[in-house]
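My notes follow in the order I made them.

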Amino acid sequence: MAHLLNAEAVTVLSGARTVLDGVSLGLDDGARVGVVGRNGDGKSTLLGVMARTRDLDGGRLTHARGLRISSLSQTDELDESLTVGGAVLGDVPEHTWAADQRVRSVLDGLLADVGDLSAPVATLSGGQRRRTSLAHLLVGSEDVLLLDEPTNHLDVEGVAWLADHLRTRWQPGRGALVVVTHDRWFLDAAVERTWEVHDGVVDAFDGGYAAYVLARAERDRLAAATADRRANLMRKELAWLRRGPPARTSKPQFRIDAANALIADEPPARQSVALLGAQSTRQGKDVVDVEGATVVLGGRTLLDDITWRLGPGDRVGVVGVNGAGKTTLLRLITGTLPDGALVSGRVKTGKTVRVAVLSQHLSELDEIADLRVLQAVEREARVVVEAGKEVSASSLVERLGFTAERAWVPVRDLSGGERRRLQLARLVIHQPNLLLLDEPTNDLDTDTLAAMEDVLDGFTGTLVVVSHDRYLLERTTDTQVALLGDGHVRGLVGGVEEYLALRRAALGGGSGRASVSDRSTGAAPGASAGGSTSNGASPAQVRAARKDVTRIERQLDRVAASQARVHEQMAARATDAEAMVALSGELGVLASEKETLEMDWLEAAEIVG
């Protein structure tokens, strides 16, 4: 296996801060590496070092002779005077690139919505510009690809295409990929090794994101055990040193040196990120009912006669093609559409509903751009009640991962991830019971995403998440719906995989399109297009069955936990015959309850379809 590049004791400074501190690593032919870490910890800097676009303050970087590298940065620098075809393909003749199946696949996978390659770059949207930059890189034949957040502005379908392309781009054991991304599903699908950048160092783990999480948890467990032993030893040494001034002069120097070494080597605490527990205001039985709504914007019908009901505690994920109306659907729910956009139908909102919306572009922060972070939180509430205890705004800001220094930074100077974290905190402070999130993963690192998902787990109100991050959708929502660009909201019993299958069938034409119509009613779970579903159940029956499915699944989880507890007790009391008889009886009751619940689940699932 050829060695492509090598970094030896690389050090990079940014002002007075050491971003990379003596990092040594190598990249071999056939490597597929994902890079994770908190925002600002040096992921992009590491890619810049490898691409030789970032100067070193120490150490050295060596490349194999004749190595060809292409890199994608987070900013897209395209020549405004070019056409899309010119920006992607340069001056390569059409008969040349059209004969290359890989080039055609890239154009179809990334630029299908652009249509004509003769379109000027200046007319492209931000997302189209990003995909044009990525397409330009992928049509090449470099040995190494360095990609910084390539999934930004890609929908679920685009992310799946990119993962498949990168898996099959090179022959086995050839080429190398290093990718920085917060999309955890993409990491699991596209990489075989993970680098975590933190505190100036780079730790390597085998496997994608799931394997990295497991390995990191084990590493943290061992580190915690080592820290406990170290702390005990330190306390003993310090207590010994402090037994009075007269005795201190007679203590062996090696004991004093050992204690000083313990103190000097004490590692600094890793920055913690915690979000406010997402409590919600009490919710009534009515949340939002959309009845026969048709929305027209710019002469285009985005939503066509949809009927959709959001009930208490519903957790719904929304996926769809770009421009299909996902954000419009959220604006319909909140009543913030432009005048005249809702041409028919109505939206009924419950009296107890308290809505909070995390928008895609965080424009809400523009009006407080001159405030400091702490002031922006205090403007919403100086004290927040969490789990029966009062939490001050300053404590909340610290738990959000803002150091004492960053707490006094103006909002306008925050990074994208910090801005999103700040806005989410400002929303949950008011304890909403209907939370609408529009692409909440933008600019967030994996640690912050995990913290946000933990918050959403405890949110007891109604949740609607619009996202291309399928990991987030499957992790935080119970049901998913799709907007395919035909104006309807379709339920996805099979989740994101069903959405991708629907898209493949729709793009296939002919019988594929017929199968889409056969499998979808044009209504979301719990929604109606004006009649019964394909299995004969009424919309009301479907809504009730869907709630039953969610309730039963939670009961099954409880039963499984109880069974695990009983098994542990049986193992611990194996020699106690009386206890074993009692525990066996309890296990039998749990097994019977599980069987009943599973039958109920099957009946409800059949109604849902």
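I started at D199, which is found in the loop between β8 (193-198) and β9 (201-206). Strands here are DSSP runs of E with at least two residues, helices are runs of H or I with at least four, and both are numbered from the N terminus. Before going on, I noted that this is a predicted model, where local features need pLDDT of at least 70 and side-chain atom pairs count only at pLDDT 80 or more, while totals for chains, interfaces and linings use all residues. Residues are numbered from 1 along each chain as its sequence is written, and side-chain values use heavy atoms, with hydrogens and water left out.

**Positive phi**

What is the phi of D199? It is near 55°, a positive value in a residue other than glycine. Most residues other than glycine have a negative phi. D199 is partly exposed at a relative accessible area of 46% (buried means under 20%, exposed over 50%, partly exposed in between, with a 1.4 Å probe and protein chains only). I found another case at D305, with phi also near 55°. D305 lies in strand β11 (residues 300-310) and counts as partly exposed at 45% relative accessibility.

**Whole chain**

I logged 20 helices and 20 strands in the protein chain. Of its 609 residues, 48% are buried. I also looked up contacts (heavy atoms within 4.5 Å): among those with a separation of 6 or more, 69% join residues 24 or more positions apart.

**Three-stranded sheet**

I traced an open sheet of 3 strands in the order β2-β1-β4, with antiparallel pairing; two strands pair if DSSP finds at least two bridges between them. The twist averages 15° from one strand to the next (axes are lines fitted to C-alpha atoms, for helices over the stretch in contact, and angles run from 0 to 180 degrees between N-to-C directions). Strand β1 (residues 3-14) pairs with β4 over 5 antiparallel bridges, and N6 has T62 in β4 as its bridge partner. Helix α1 (residues 43-50) packs on this sheet, touching β1, β2 and β4, and its direction makes about 55° with that of β2.

**β5 and β6**

Strand β5 (residues 69-72) has S70 and L72 on a covered face, with I69 and S71 on the uncovered one. β5 pairs in the parallel sense with strand β6 (residues 144-148) over 4 bridges, and L72 stands opposite L147 in β6.

**Six-stranded sheet**

I then followed an open sheet of 6 strands, ordered β14-β17-β18-β12-β19-β20, with mixed pairing. Its edge strands, β14 (355-358) and β20 (489-492), each pair on one side only. Strand β12 (residues 315-320) and strand β18 (residues 462-466) pair in the parallel sense over 4 bridges; V316 has V464 in β18 as its bridge partner. Helix α11 (residues 326-334) packs on the sheet, and its direction makes about 155° with that of β17 (434-438).
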